[in-house]
Amino acid sequence: DWEKLYEGFEKKNTETTQNIDKEAHLMPSNLSTEKENFQHSIEYENDLKGFELYQFQKKYILTSAESGIMLIDQHRAHLRILFEENLKKIANKKGNSQSLLFPEVLEINPADVGSLRKIENDLYYLGFDISDFGKNSFQINAVPTNLEGSAIEIIEQMIDTEKNKSMDVKTDLHEMIALSLAKSTAIKSGQVLNNKEMNELFNQLFATSNPNYSPDGKLIIS
């Protein structure tokens, strides 16, 4: 009879061991999941700390204001900033430039040479270095620092601006040139900005003379 008693004890001990193994197997998994959720929660809270500006639809910068939420058009804001910076460069006759490793050649119509001559000094003050290349051609040796896009296209746009200045005789030529370059170099809608870039844009905008409107009269803040 003692053998039967031992068999029952062995069976019970085996079942208990299996239950312990199952619990031991489940426990690390549950703890791991809880730990992972906790870490995600901490990371999310840390991401929000110190962030006061948010990008919306890759076009606007959102921030809180006394009246509610302030919506800033990032392209128009940068346009205002660059416009005033360009005006200062022209007024001070001092713009930062970077030499091109491979100078670009600008070819224009003979009728446009006069327009280029009229804005040549302003281009120089903005950071462009242009020299004659013969037969209505000009060599672009240097461009404003951090200029993005084709220098040839930007200068051609400025020439068109000078040619069409009669459309608004009240507008100063310097302002037209400053605005033309700003439109060519301002950040566009759809460009993703990180928190540092948004803060810089925000601070620079409210350091301008008119943060509410772009140079061409469009609303920046709503």
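Buried here means under 20% relative accessible area, and exposed means over 50%. The views below come from a predicted model.

**View 1. One face of helix α6 is buried.** Helix α6 spans residues 195-205. Met198, Leu201 and Leu205 of α6 are buried. Seen down the axis of α6, these buried residues fall within an arc of 65°, so they line one face of the helix. Lys196 and Asn203 lie on the other side of α6 and are exposed. What covers the buried residues? The cover includes three strands, β1 (54-56), β2 (60-65) and β3 (68-73). It also includes helix α2 (74-92).

**View 2. Asparagine 194 reaches toward lysine 196 at the start of α6.** A side-chain oxygen of asparagine 194 comes to within 3.2 Å of a backbone nitrogen. That nitrogen belongs to lysine 196. The lysine 196 residue is also one of the exposed positions of α6.

**View 3. Strands β1 and β2 form a hairpin.** The two strands pair in the antiparallel sense, over 3 bridges. Phenylalanine 56 has tyrosine 60 in β2 as its bridge partner. Between β1 and β2 lie 3 residues. Glutamine 57 sits in this turn and has a positive phi of about 55°.

View 4. β2 and β3 pair in the antiparallel sense, over 6 bridges. Alanine 65 stands opposite glycine 68, which belongs to β3. In a regular strand, side chains alternate between the two faces of the sheet. β2 and β3 are both among the elements that cover the buried residues of α6.

View 5. Where do the partners sit along the helix? Arginine 80 and glutamate 84 are 4 residues apart in α2, so about one helical turn separates them. Are they buried or exposed? Both arginine 80 and glutamate 84 are buried. Helix α2 is also part of the cover over the buried residues of α6.

View 6. Helix α3 covers residues 113-126. Arginine 117 is partly exposed, with a relative accessible area of 39%. Glutamate 120 counts as partly exposed too, at 27% relative accessibility.

View 7. Glutamate 162 pairs with lysine 118, and their closest N and O atoms are 3.8 Å apart. This pair links distant parts of the chain. Glutamate 162 lies in α4 (residues 151-163), lysine 118 lies in α3, and the two are 44 residues apart. Lysine 118 has a relative accessible area of 52%, so it is exposed.

**View 8. Asp112, Asp160 and Lys163 belong to one network.** Salt bridges that share partners join these residues. A search of the whole structure finds 7 salt bridges.

How values were computed
Residues numbered from 1 in each chain as written. Predicted model: local features only at pLDDT ≥ 70, side-chain atom pairs only at ≥ 80, totals over all residues. Heavy atoms only, no water. Buried < 20%, exposed > 50% of the residue type's maximum accessible area, 1.4 Å probe, protein only. Arc of directions from axis to C-beta. Contact = heavy atoms within 4.5 Å. Polar contact = N/O pair within 3.5 Å; in protein donor to acceptor, adjacent residues only side chain to side chain. Salt bridge = Lys/Arg side-chain N within 4 Å of Asp/Glu carboxyl O. Pairing = 2+ DSSP bridges.
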